[in-house]
Amino acid sequence: MSDDYLVRIGKLIRDARQHRGWTQAQLAEALATSQSAVNRIERGNQNISLEMIARIGEALDSEIVSLGYAGPMHLRVVGGRRLSGAIDVKTSKNACVALLCASLLNKGRTVLRRVARIEEVYRLLEVLGSIGVRTRWINEGVDLEIVPPATLDLESIDADAARRTRSIIMFLGPLLHRMDRFMLPYAGGCDLGTRTVEPHMIALRRFGLEIAATEGQYHAVVNRSVSPDRPIVLTERGDTVTENALLAAARHDGVTVIRNASSNYMVQDLCFFLEALGVKVEGIGTTTLTVHGRGTIDVDVDYSPSEDPVEAMSLLAAAVVTESELTVRRVPIEFLEIELAVLEEMGLDHDRTAEYVADNGRTRLVDLTVRPSKLEAPIDKIHPMPFPGLNIDNVPFFAAIAAVAQGQTLIHDWVYDNRAIYLTDLNRLGGRLQLLDPHRVLVEGPTRWRAAEMMCPPALRPAVVVLLAMMAAEGTSVLRNVYVINRGYEDLAERLNSVGAQIEIFRDI
């Protein structure tokens with residue numbers, strides 16, 4: 001490997017480490033090496049193997065170099081262009097991920113229509129394939145067919161792919177009905193007792209699942225004598241927690257009541273899918289779900305997940321930030337009503353068509369046309385709430401929107417530790433955002449965006465927010481290391497180009 005490549009790789013590693021907020025010592029500890037070795041790597045003074053590059057990328061949750069698959073690494077954005085025309089919203093990322101996990105409940109053939117072709121889905125398909133599940137893209141690569149084996153081969157699980165998707169935790173609910181003992185890799189950072197994992201364990205324990213976590217593995221043991229004898233009260237109204245409880249209840253041969261359940265879009269899609277499997281679910285769209293489980297599920301099922309409200313919000317924000325007139329089609333309106341109410345208060349000029357039904361036969365859609373608007377900062381702070389409140393994942397987009405509005409906007413992202421910090425990356429592009437604490441940021445508008453070259457934030461939604469600001473900034477910007485965007489969006493650059501953006505995909509290495 002040439003010295004020039006070593007220097008360039010070292011710079012990518014340094015930038016990724018700094019974006020994660022780690023010191024060289026913390027990275028060295030994660031790699032079981034010395035701080036001086038990390039320092040040499042970052043300065044390009046040490047030969048480095050592809051295996052080490054992959055380990056560093058996994059530790060930093062960032063692709064340093066694409067290995068084993070073709071994928072874009074960086075985006076070059078020529079900003080200051082107006083968008084026009086119409087763009088369709090893709091199917092829900094979070095619903096597709098949940099439905100892939102739910103396919104493990106079924107002994108029959110599952111077909112999912114218009115599945116989001118994103119990195120998160122690809123990682124789950126790699127995991128499913130490694131344990132014997134046959135998956136293939138059909139109908140010219142639009143739909144996905146899933147056929148499970150009689151017996152899952154968990155000993156052959158692709159641990160690397162499993163650790164690169166946080167969704168692996170949703171295998172617990174289906175698997176506890178298929179085997180008495182099993183092991184699953186868990187993604188880095190998901191330790192037992194942390195806020196994001198313990199609620200899952202509390203819920204699944206009611207089905208007899210006991211988990212110990214050692215050396216990067218969940219060690220699961222199922223006590224068949226244990227079953228829910230009273231309603232399960234979730235200690236957190238989380239989406240994946242609710243989904244895991246639903247997945248466990250679906251194969252429980254009895255009635256399970258789940259309280260304090262999320263009623264968000266991906267949970268509703270999972271409920272609709274379970275009904276297609278023959279599982280009766282009462283209370284869909286409320287915080288109390290009653291599941292009439294089936295001990296065996298063996299049906300051929302064909303299901304169409306609904307559109308993604310967070311992607312819809314991304315596209316609406318793209319139009320607002322670039323001062324464009326754009327029609328966003330197939331918007332799941334019931335999951336964006338609060339966001340639109342806030343935007344109307346800020347002065348957004350838009351209209352919508354009459355409602356029509358999504359391909360799942362249940363979700364309500366509209367087409368929205370957004371026009372250039374003179375926005376004013378909202379009187380109240382922007383903060384998320386469980387559905388039907390403002391969606392947690394839509395909060396970052398209000399940072400870019402508030403930056404083009406007149407006045408000060410307080411954004412309070414109370415759910416995620418430190419995600420608000422990544423929003424201050426907009427300051428590199430001319431924004432005026434003041435971080436008040438790890439959860440609150442004050443946005444001053446309006447903003448005169450300017451081009452810049454920078455690393456992609458390691459969080460999905462803030463990364464897209466930075467891309468949108470680059471689209472609004474006059475001149476040429478570069479957003480490096482965009483794997484995180486590909487985790488959650490299918491062909492985003494190409495689709496934005498189809499309505500007038502100018503984004504080039506390129507790779508250094």
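Reader: Which residues of helix α2 are buried?

Author: In this predicted model, Gln24, Leu27, Ala28 and Leu31 are the buried residues of α2, which spans residues 24-31. Buried means under 20% relative accessible area, with a 1.4 Å probe and protein chains only; helices are DSSP runs of H or I with at least four residues, strands are E runs of at least two, both numbered from the N terminus.

Reader: Why do they line one face of the helix?

Author: Looking down the axis of α2, the buried residues fall within an arc of 100°, so they line one face. The arc is taken from the directions from the helix axis to the C-beta atoms.

Reader: And what follows α2?

Author: Alanine 32, with a positive phi near 55°.

Reader: Switching topic: what's the strand order in the open sheet?

Author: β18-β20-β19, 3 strands with antiparallel pairing. Strands pair if DSSP finds at least two bridges between them.

Reader: Which ones are the edge strands?

Author: β18 (407-412) and β19 (432-437), each pairing on one side only. β18 and β20 (residues 440-445) pair over 6 bridges, and threonine 409 has valine 443 in β20 as its bridge partner.

Reader: How does the pLDDT look?

Author: The protein chain averages 90, and 94% of the residues score at least 70; pLDDT is the predictor's confidence in each residue, from 0 to 100. Over residues 67-72 the pLDDT is below 50.

Definitions and conventions:
Residues numbered from 1 in each chain as written. Predicted model: local features only at pLDDT ≥ 70, side-chain atom pairs only at ≥ 80, totals over all residues. Heavy atoms only, no water. Buried < 20%, exposed > 50% of the residue type's maximum accessible area, 1.4 Å probe, protein only. Contact = heavy atoms within 4.5 Å.
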